[in-house]
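Work through the exercises below with the model open. Try each task before reading its solution.

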Amino acid sequence: MDSNALRTVLVPLALAQFICSFAGSNMNVMINDIGRDLDTTVQGVQLAITIFLLVMAALMIPGGKLTDRYGRKRCLTAGLAIYGVGAVLSAFAPGLPVLILGNSILEGVGTALLIPPVYILATMLFTGVTARARAFGAINGMAGIGAATGPLIGGLITTALSWRVAFLFQALVVVVILVLSRRYVRDPRPPDPTRPFDVRGAVLSSTGLVLIVSGVLAADDNLWLMAGLIVAGVFTLVWFFHSVRAKERAGVEPLLSTALFRSRTSNLGLVTQNLQWLVLMGVSFVVSAYLQVVRGYNAIETGLILTAATAGVLLASLSAERLARRHAQRSLVLTGFAVTVTGIALFLALLAFSPQVWTFLPGLFLIGLGIGAMLTPSVNVVQSSFPDALQGEISGLSRSVSNLGSSLGAAIAGTILVAGITRTPERAYALAMVVLALVALGGMVVASFLPRTTTSAAR
């Protein structure tokens, strides 16, 4: 494909990532409106959000594996169709059960099917670190924008029209993506219907991830329950990896090849991906809660302030290709974590200096700039470590690791805010930001072990 055709392919792929990230954050500002309309509690709506996270995280690895058997474009199309049906069903939901079916189940399944093909196609169509940096920069930029603007766009639509229209907006974007992908996206490698699918492995991996994410989400309610669920999840995943080893010794293709974990570079990249999304979603949660609970800002005002972070993510993502040409991937990830830590420190310092709204903006912009600068190289490092034959598996694993980071970020931040550790509730927000800064410092340590130069795996 020529360069113009490749740029055209990026449009539906980036939009697909945008709408999934948007869906993951926009419901946070609709909780009260949905609760009143559907005659349910805030906890009921939060349950729908939680189930969405569980379904998406649990099915991402099997979703990536299915692309080898049925094809990348076919899985992308199927995922978009299921997601669109779920969005329409949610828009017309008469009660909470239908909302859970539409938003939590169908949109969750659709996301798990459509996201792995986005990254697989980008890896297979764009060759070389610089070209992939351009592709992943566009895709990850839209991911960050979707997550950051979800509360703003959702708040605007909910306030001006209805929360139901926000779901119709998602369905409309899905239709646009379907039309564009049908016209421009081509699968560079035909599917292999003879490829086996490890059902047992899918059940074990999904169950393990569900238990771990459930434990993380239970952190602010019951620490014993959290510990029990996480231990059970770890035990199930150990069982899963034992099953994988047994299948490989028997010459049977498992759900996830152990070859994925033999690359030290990829393993380090996966850890940085997890920590990046942990910090991004943790900061978004803490700042959103502070602005609404302590400052009393509404959803629109909160979303407008958070656009400072969105601007940082967008600026860094647009510069991804140029940065990849001039700097090593390791340097970009290290610098990204350093800028993020600086942004958090500046945010806290200016907030202590003055209560004015402007004091939020410089720190949030730097946080967004830092996160945006390292999202692309981390994905690039991981995806480029493997040949095309393993792209389905590594894409599913990579997205699961990132989603787990998002869940951890919200859960850790939420636990600190409600645990009563500080003398005053307001100080809990500052403590949560300090903890997230420490996590980012840990990310710098991990990134320092990445190789100074990275090369793409053999095709």
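**Exercise 1.** Which residues form a nonpolar patch on the surface, and with how much accessible area together?

*Solution.* The model is predicted: local features need pLDDT of at least 70, side-chain atom pairs count only at pLDDT 80 or more, and totals for chains, interfaces and linings use all residues. Residues are numbered from 1 along each chain as its sequence is written, and side-chain values use heavy atoms, with hydrogens and water left out.
Val-88, Phe-92 and Leu-168 form the patch, with about 280 Å² of accessible area together. Now place one member: Val-88 lies in helix α4 (residues 72-91). Val-88 is partly exposed at 36% relative accessibility (buried means under 20% relative accessible area, exposed over 50%, partly exposed in between, with a 1.4 Å probe and protein chains only).

**Exercise 2.** Find the buried residues of α7 and state where they lie.

*Solution.* Start with the span. Helix α7 covers residues 163-184 and reaches 32 Å from its first C-alpha to its last. Next, list the buried residues: Trp-163, Ala-166, Phe-167, Gln-170, Ala-171, Val-173, Val-174, Ile-177 and Ser-181. Seen down the axis, these buried residues fall within an arc of 160°, so they line one face of α7. Finally, check the start of α7. A side-chain oxygen of Ser-162 reaches to within 3.1 Å of the backbone nitrogen of Arg-164.

Notes: Helices (H or I, at least four residues) and strands (E, at least two) are DSSP runs, numbered from the N terminus. The expected span of a helix is 1.5 Å times one less than its number of residues. The arc is that of the directions from the helix axis to the C-beta atoms. A polar contact is a pair of N or O atoms within 3.5 Å; within protein, one must be able to donate a hydrogen and the other to accept it, and residues adjacent in sequence count only if both atoms are side-chain atoms. Patches are made of residues with over 30% relative accessible area and no salt bridge: like charges are joined within 9 Å, nonpolar side chains (Val, Leu, Ile, Met, Phe, Trp, Tyr) within 5 Å. Accessible areas come from the Shrake-Rupley method with a 1.4 Å probe; for residues, only the protein chains shown count as cover. A salt bridge is a side-chain nitrogen of Lys or Arg within 4 Å of a carboxyl oxygen of Asp or Glu.
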